[in-house]
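Let us walk through this structure in two stops. We begin with one side chain and then turn to an interface.

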Amino acid sequence: MELSEHIKTANVEDVTLRRPFHPALRGTLCVTSHHLLFSDRKDEASWQLLILLKNIDAIEKRAVGSSGTITIKCKDLLVLQLEIPGMEECLNIASSIEALSSLESVTEMYPFFYRPSHLTLNGPWGLSSTEQYYKQTERLWDRWRVSTLNSDYSVCPSYPSAVIMPREVDDDKLIRSARFRQGGRFPVLSYCHHRNGMVIMRSSQPLTGANKKRCKEDELLLQAVIDGSELGYIIDLRSAQQAQQARMTGGGFESKSFYSHWKRIHRHHERGKVVQESLIKLVEACSDPSHSVDRWLSKLENSKWLSHVHSALSTAGLVVECVERDGHSVLVHGSEGTDNTLLVSSLAQLILDPASRTVTGFLCLLEREWIQAGHPFQQRCAHSAYSHARLKQECPIFLLLLDCVWQVWRQFPLALEFSEALLLRLAQEVYASNYGTFLCNSEQERCAAGVKENTHCLFQSLLRPDIEEQYLNPLYEPTDLAIWPSVHPQSLQLWTGLFLRWTEYAQNMEEAREEVWSIVKEHHEQAGPDRTNNTLSTHCDTLTPFENLMDELTIL
Amino acid sequence: MEHHLIRRVEYVKLLNTYPEKKSALGTLYLTATHLIYVEQTNNNTRTETWVLHHHIMSVEKLPLTASGCPLLICCKTFQLLHLLFQRERDCQDVFQSLLRLSQPVKEEELYAFLYNPHQNEVDRRQGWEFISVANDFSRMGLSNEYWEISHLNKNYEICSTYPSILGLPKNASVAVVTGSAKFRSRGRLPVLSYYHKDTKAALCRCSQPLSGLTSRCVEDEQMLQAISQANSNCPFIYVVDTRPKLNAMANRAAGKGYENEDNYSNIRFQFQGIENIHVMRNSLQKLLEVCSMKSPSMSDYLTGLENSGWLRHIKSVMDAGVFLAKAVCDERASVLVHCSDGWDRTAQVCSLACILLDPYYRTIKGLMVLIEKEWISFGHKFSHRCGHLDTDPKEVSPVFTQFLECVWQLSEQLPCVFEFNERYLIEIHNQVYACQYGNFIGNCQKERLDVRLHEKTFSLWPYLLKNQHLYRNPLYRRSLESTVLRPSTLPLHFKFWCGMYNHYDRGMHPKQSVLDQLLSLTQKQVEGERTMTELQRQLAVADGVLPDPSGPINTPAEQDGPSEKTPTAPVVQSNGSCAPLINGDAEEAGPGAEKCNEKEGADPGATEHDLTSSEDKPVSVETEHSKEEEQESS
């Protein structure tokens with residue numbers, strides 16, 4: 001296999017590993033096609049560290065005498081140091097890591113080789129499909145249908161094969177609308193509100209261009225969405241000025257005169273490079289050893305990361321306001337409709353829909369709104385905060401989503417069935433994974449690469465056979481209401497769970513989490529007296545002395 | 001009382017911080033002790049806002065608007081009330097009344113001198129004896145072969161602002177003690193603050209030496225020598241001046257200053273760079289401006305937070321506390337701490353070090369002891385710093401608030417090490433400014449004795465202990481008890497304390513509370529344990545083993561009271577707090593009434609009539625439903 005050709009030195013002995021908050025370890029380092037393996041063979045009890053090479057974002061080499069030091073900076077923000085005796089070995093290891101951590105070909109990636117014994121490749125892949133969502137959502141049956149016009153991905157290469165459309169609009173009209181939208185991403189249904197049947201649609205920008213072109217079919221489609229009701233809202237995720245400027249490059253916005261029943265609201269969201277740079281700056285600020293509070297606050301402000309969190313939650317709140325409070329349908333789009341659009345529409349669903357706050361519901365939401373909806377994961381997550389590579393299409397929008405979900409959880413700590421640990425796991429998996437879920441940029445690409453046939457699905461594996469306890473929120477109490485987060489700057493916080501993940505602080509928080517679990521478990525044991533005879537009898541034991549005391553008092 | 005010019009104004013609007021929320025009309029009442037705003041909403045529920053006059057920091061008339069005459073009331077608890085009057089006259093009258101009511105001139109006018117929490121003289125005495133600094137000295141192991149409890153200051157002759165009992169090194173003679181006191185600012189000589197049994201290292205405190213540019217004092221040098229000799233584990237002591245070096249040097253010109261290392265054998269001298277009370281006061285002012293910004297952007301907020309410098313100051317206090325704790329436990333070195341007078345920064349730093357070193361001070365009762373010891377008895381000037389009376393505004397400074405915040409910052413970083421939760425700290429903060437109990441009135445022990453505070457007022461601590469179930473931290477792990485805390489002092493661990501400075505902006509807080517949830521889960525168990533001990537106590541009383549304090553049989557019944565069942569609402573009972581309206585006599589006002597804020601009256605029949613006429617009718621209280629809150633911003 002050609003991957004192994006990159007490996008010039010497979011094994012080095014006497015390597016010293018340094019990790020934050022752990023004593024240094026001495027052991028053997030191995031490089032394989034997909035992993036970096038460090039094993040500390042002291043006597044029988046051996047300790048191993050296995051890192052996916054794809055998780056490595058940047059490495060730095062330094063010569064110290066005859067040996068070399070490699071600093072490994074991972075996409076999950078872990079930083080490791082390896083001291084390797086022998087300069088040549090050090091350079092060989094470094095070059096192997098560099099080559100193997102930046103593989104371009106999807107089918108060479110580890111998910112295609114990951115074959116754990118407890119999982120089989122046969123059987124359905126993923127948790128849900130457009131058809132299933134349609135079947136579950138009774139509210140849709142009357143006015144909406146599943147269209148398979150994109151079954152060969154020819155109408156829109158980044159859409160899934162099936163989409164939910166208004167019944168009264170036929171596929172021909174949809175094809176014309178698709179031609180009028182960037183990347184063919186015509187307006188499709190994203191969510192139908194269980195309370196009032198109002199919908200959230202999403203799309204890309206219309207290609208009105210400088211000449212203010214129009215598309216009758218696109219107008220008809222949107223007209224059909226609101227179905228005679230007074231008004232719908234278009235939430236344009238660009239400032240009005242940006243939307244105007246987009247016309248110069250062939251894009252544009254829905255003009256009031258042609259879409260008379262739609263009211264357009266502009267909300268500026270940063271995208272692409274700007275957001276990626278925010279992440280880089282924030283991670284840099286978090287590892288700044290300086291002891292000045294002013295410097296920290298100024299760096300935190302300057303990174304703008306929390307501003308992005310603020311905008312995302314505010315706009316999601318706006319969408320929720322339109323749908324839930326005012327009872328109107330909403331169309332969300334920015335330019336391409338693959339990034340901020342998905343961020344806002346999925347956050348709005350989390351706030352609105354109790355079903356999306358369960359573990360399964362949330363994973364289904366991610367699958368529908370991010371994976372099937374064509375968020376280009378491979379491009380966006382090629383590099384993380386440490387890479388020195390020139391930025392191409394990288395953008396941590398998915399990480400931003402997870403951060404926003406964390407903010408919602410912090411404000412409604414009982415409303416989500418899942419825990420912070422699940423968000424952290426996803427934050428890790430999206431950059432480097434054993435599973436095929438986050439591979440490729442669209443369903444079409446996944447089909448072509450045979451992802452579903454040759455890799456395992458992360459979401460399925462998370463749920464099978466039983467979700468691990470650490471991913472559950474012990475305090476979960478479902479609520480039917482919208483969970484509307486506050487977006488006051490005072491209400492939003494740095495996601496310490498992610499950004500301080502490898503510090504002592506994380507260990508303190510872990511202790512607190514364990515304590516919460518033990519309180520909840522203890523309570524369940526007490527609250528369920530008829531579960532076993534055993535607990536029942538102890539229950540009685542504790543009651544007796546009270547009663548005796550009471551008797552004595554009454555007598556007195 | 002003869003004070004207030006106006007008692008009741010109708011058609012007053014309480015403007016909401018959030019413009020999207022409609023503000024309704026209501027009635028404003030001024031009693032002898034409280035400002036009460038009653039809002040009658042359309043669905044027949046009443047919302048009452050109670051503000052204790054002592055909590056009012058400033059009253060300001062804003063420029064007239066088309067909709068009426070606005071009055072802005074800022075509170076020491078960081079509550080803001082924006083009232084709108086229809087008539088200029090009413091606004092002016094309320095303004096005048098509040099100015100007088102919120103700034104009493106004499107100590108006897110303070111709430112604590114009127115307030116009686118239904119206790120008799122025995123309760124009162126026991127309440128004051130409940131927390132004892134002397135007991136804490138014994139807990140530390142005093143007296144022992146190195147340290148002793150001295151009564152040299154029993155008439156406050158050596159130092160008028162120190163307590164009557166002092167911990168002093170055994171081998172310091174009376175001449176050395178008195179000599180050293182004369183060489184220290186205001187006679188605040190080096191005395192023991194905390195003795196660390198395991199290392200034999202001592203934490204001592206004093207004020208700056210009167211060293212000027214060249215002066216020295218043999219007795220003071222011998223005093224430090226004696227402190228050093230009391231610890232055989234370390235050949236030197238640290239002398240920590242908590243001020244910035246520049247400030248300390250400026251003091252030398254005025255005949256004060258800091259220790260010259262050449263004159264004292266075996267000291268290691270350190271500056272810590274905590275700013276003075278004026279800088280802190282201004283910093284808080286700036287912080288509060290940030291807190292009250294109308295819809296700021298994230299950048300505005302973070303920049304404002306940075307420019308206020310507040311968290312920088314908090315970190316400087318924390319850094320100094322950590323330095324002391326490390327010196328004591330890692331280097332086994334004794335430390336002598338001072339600032340200028342040794343009652344502000346020194347109190348902050350010593351008490352913080354105590355918390356880091358000794359798990360006892362992380363318990364509900366232990367924190368009371370610590371505050372009593374390091375703050376009240378050592379003469380932190382609560383009356384001046386909190387502006388209880390109409391005095392020099394330049395004396396006011398949030399020094400104690402900063403200490404509470406440091407404790408909160410620790411609890412955020414180490415969620416399992418404190419027996420109490422955030423509400424305990426906020427309640428203490430409110431009580432410090434409320435002057436409902438006598439603890440925080442006066443500037444030193446002698447002053448309190450002179451006004452016979454213990455005979456005329458009640459102690460806060462028994463009241464807090466009675467409600468301790470509200471203040472428990474369900475995550476508290478006793479197994480961590482013995483550990484010395486080693487918090488990280490990296491800047492990113494210092495967070496803005498929304499629960500304190502934006503306490504009354506409920507919309508900013510998490511809409512569901514993990515604390516409430518866990519408290520209610522653990523409540524049953526705790527209640528069971530409590531009933532058990534209570535019943536056992538009653539048995540003991542019945543058997544004649546224990547003396548019978550008044551009405552012990554009632555106590556379990558009280559435990560079933562509404563406030564106990566709803567740990568979500570801290571201190572909600574306010575029985576008979578309306579009485580002062582008629583006779584100006586506050587004796588009937590219930591405990592904690594001053595902080596019953598925005599209660600939702602459940603009884604639609606309870607109209608203003610009840611408020612003015614009924615004497616003992618409790619104001620109905622209903623805890624807010626979390627579900628309503630979820631929808632709040634909608």
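**A glutamate and an interface**

The side chain of E372(B) forms a polar contact with the side chain of W461(B), at 2.6 Å. A polar contact is a pair of N or O atoms within 3.5 Å; within protein, one must be able to donate a hydrogen and the other to accept it, and residues adjacent in sequence count only if both atoms are side-chain atoms.

This is a predicted model: local features need pLDDT of at least 70, side-chain atom pairs count only at pLDDT 80 or more, and totals for chains, interfaces and linings use all residues. Residues are numbered from 1 along each chain as its sequence is written, chains are lettered from A and ligands numbered from 1 in the order in which they are written, and side-chain values use heavy atoms, without hydrogens and water.

Now the interface. Chain B contributes 59 residues to the contact and chain A 58, with contact meaning heavy atoms within 4.5 Å. About 5,300 Å² is buried between the two chains; this is the accessible area (1.4 Å probe) that two parts lose on being put together, summed over both. Carbon and sulfur atoms give 67% of that area.

Chain B and chain A share 3 salt bridges. R312(B) and D294(A) meet in a salt bridge at 2.6 Å, N to O.

Key. Salt bridge = Lys/Arg side-chain N within 4 Å of Asp/Glu carboxyl O.
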